[in-house]
Amino acid sequence: MDIVSHIIIGKIISFFDKKNKRAGLWAMFFSFLPDSFQVFAYIYLGYINNRAFFIPKNIDWNHTRSTYPVLHAFTWEIPHSIFFLSLIILPIIIFFKLPKIAFFAYLLHIIIDIPTHAGEWAIKPFYPINYAINGTTNAWAWPIPMFFYSWVILLFISTLLSFISRKNHADA
Ligand SMILES: [Zn+2]
């Protein structure tokens, strides 16, 4: 899934945490967090492929997971592992007393990435165990209009939930 869709999904699930006013911000942040480490791989691939402003093209990602295993371990496999979530992210959330929705936002990111990453980019949710689940599509490589459909649908759901929760507040 693309980063914008992940962030909107974080906003959507935050409506289920009615108690916490900051739930929305934390849910959006933790929805985006698993992909944030990839910025290093992104810039590096743009650099070695001589792309303008170090922005790699979709084609530049082909076979890079096997060509640069260490780079992808740190920027991709580890942040998308249930073990990283349980052993690093969860203790941080508990220690800083962040809203619980932050944990679910991160978990949901991994779950959503499973069907939306296929072939070479299949998710290994139990990394360092090498078991990969092959999804049905590579959503990050969708053409731009598909991103827009995804954003519009998700924004619609988010706006709808926002109205419902405001109405509930008003009625209460
Ligand atoms: Zn991801």
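Analyst: Two residues are in contact if their C-beta atoms, placed from the backbone, lie within 7 Å. Helices here are DSSP runs of H or I with at least four residues, numbered from the N terminus. This is a predicted model: local features need pLDDT of at least 70, side-chain atom pairs count only at pLDDT 80 or more, and totals for chains, interfaces and linings use all residues. Residues are numbered from 1 along each chain as its sequence is written.

User: Which residues of α1 and α7 meet?

Analyst: From α1, H6, I9, G10, I13 and S14. From α7, I101, F104, A105, L108, H109 and I112. By class, this contact has seven nonpolar, four polar and no charged residues. Ala, Val, Leu, Ile, Met, Phe, Trp, Tyr, Cys and Pro count as nonpolar; Asp, Glu, Lys and Arg as charged; the others, Gly among them, as polar.

User: Why is α1 called oblique to α7?

Analyst: Helix α1 (residues 3–14) and helix α7 (residues 101–113) pack at about 135 degrees, with axes 10 Å apart. Axes are lines fitted to C-alpha atoms, for helices over the stretch in contact, and angles run from 0 to 180 degrees between N-to-C directions. Under 35 degrees is roughly parallel, over 145 roughly antiparallel, 65 to 115 roughly perpendicular, and the rest oblique. The angle therefore makes α1 oblique to α7.

User: What is the kink in α6, and where does it lie?

Analyst: The kink is about 35 degrees, at I89, shortly before the proline P91. The bend is the angle between axes fitted to the seven residues ending at a residue and the seven starting there.

User: What makes the phi of N50 worth a remark?

Analyst: Most residues other than glycine have a negative phi, and most peptide bonds are trans. N50 has a positive phi, near 55 degrees. N50 sits in the loop between α3 and α4. K97, which follows α6, also has a positive phi, near 55 degrees.

User: Which residues does the cis peptide bond join?

Analyst: Y127 and P128, with omega about 10 degrees. P128 lies in the loop between α7 and α8.

Note on methods: Helices (H or I, at least four residues) and strands (E, at least two) are DSSP runs, numbered from the N terminus.
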